[in-house]
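Please keep the sequence and the structure in view while reading.

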Amino acid sequence: MIVLYVEFQLVGGLELLCETVKTHNVDVDLTSEKLTMKDLLSWVRTNLIKERPEMFMKGDSVRPGVLVLINDCDWELSGQLDTTLEDKDVVVFISTLHGG
């Protein structure tokens with residue numbers, strides 16, 4: 001089994017869904033030969049989101065209004081859910097939605 005180390009950050013209020021922890025350094029066991037963003041999102045929902053996952057995800061993807069950066073690059077430029085992650089990648093989720 002292959003284990004991939006990934007750092008991801010939740011900011012803009014999303015950290016409240018994970019007991020106010022903003023930065024997570026995780027080892028993800030691969031069930032296939034590669035880890036995609038779709039796989040990481042599923043892993044995060046199962047293992048880290050403590051409450052209200054609907055505030056973070058809609059279906060298999062992030063909710064509209066959540067900006068995703070992979071190594072400081074907008075994930076829309078790299079394939080979104082199909083983006084293949086590599087060891088030591090940094091993924092940042094930023095909520096652009098704020099209550100008022």
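## Cysteines

Is Cys-18 buried or exposed? Cys-18 is buried, because its relative accessible area is 3%, where buried means under 20%, exposed over 50% and partly exposed in between, computed with a 1.4 Å probe on protein chains only. Cys-73 has a relative accessible area of 31% and is therefore partly exposed. A disulfide is a pair of cysteine sulfur atoms within 2.5 Å, and by this rule the count is zero disulfides.

## Basis of the values

The model is predicted, and local features need pLDDT of at least 70, while side-chain atom pairs count only at pLDDT 80 or more and totals for chains, interfaces and linings use all residues. Residues are numbered from 1 along each chain as its sequence is written, and side-chain values use heavy atoms, with hydrogens and water left out.

## Overall fold

The chain holds one helix and nine strands. Here helices (H or I, at least four residues) and strands (E, at least two) are DSSP runs, numbered from the N terminus. Read from the N terminus, the order of elements is β-β-β-α-β-β-β-β-β-β.

The radius of gyration of the chain is 13 Å, which agrees with a compact globule because one of 100 residues would have a value near 13 Å. That radius is taken over C-alpha atoms, and the globule rule is 2.2 Å times the number of residues to the power 0.38. Along the principal axes, the C-alpha atoms fill a box of roughly 45 × 30 × 25 Å. Of the 100 residues in the chain, 37% are buried. A contact means heavy atoms within 4.5 Å; among contacts with a separation of 6 or more, 59% are between residues 24 or more positions apart.

## The largest pocket

Rolling a probe the size of a water molecule over the atoms shows where empty space is left. A pocket is found on a 1 Å grid over the protein atoms alone, as an open set of points where a 1.4 Å probe fits, with protein on both sides within 12 Å along at least five of seven lines. Its lining residues have an atom within 4 Å of a point. Grid points are joined across faces, edges and corners, and a volume is the space filled by probe spheres set on the points.

How much space lies in the largest pocket, and what lines it? The largest pocket holds about 240 Å³ of space. Its lining has 13 residues, and those nearest the centre are Gly-13, Leu-14, Leu-17, Met-55 and Ser-95. By type, the lining divides into seven nonpolar, three polar and three charged residues. In this count Ala, Val, Leu, Ile, Met, Phe, Trp, Tyr, Cys and Pro are nonpolar, Asp, Glu, Lys and Arg are charged, and the others, Gly among them, are polar.

## Two methionines

Met-55, one of the residues nearest the pocket centre, lies in the loop between helix 1 and strand 4. Its relative accessibility is 41%, so Met-55 counts as partly exposed. Not counting residues up to four places away in sequence, Met-55 touches Leu-14, Leu-17 and Arg-63. Met-55 and Ser-95 are 40 residues apart in sequence, and their C-alpha atoms are 9.6 Å apart.

Met-57 is in strand 4 and is buried, because its relative accessible area is 6%. Beyond its neighbours within four places in sequence, Met-57 is in contact with Leu-41, Arg-45, Val-62 and Arg-63.

## Loop residues

Glu-19 lies in the loop between strand 1 (3-11) and strand 2 (23-29). Glu-19 is not a glycine, yet has a positive phi of about 55°; with a relative accessible area of 56%, Glu-19 is exposed. Arg-52, in the loop between helix 1 (37-47) and strand 4 (57-58), is likewise not a glycine and has a positive phi of about 50°. Arg-52 counts as partly exposed at 46% relative accessibility.

Asp-87 is in the loop between strand 8 and strand 9 (89-95) and is partly exposed at 43%. Leaving aside neighbours within four places in sequence, Asp-87 is in contact with Leu-4 and Tyr-5. Asp-87 and Asp-27 are 60 residues apart along the chain, and their C-alpha atoms are separated by 9.3 Å.
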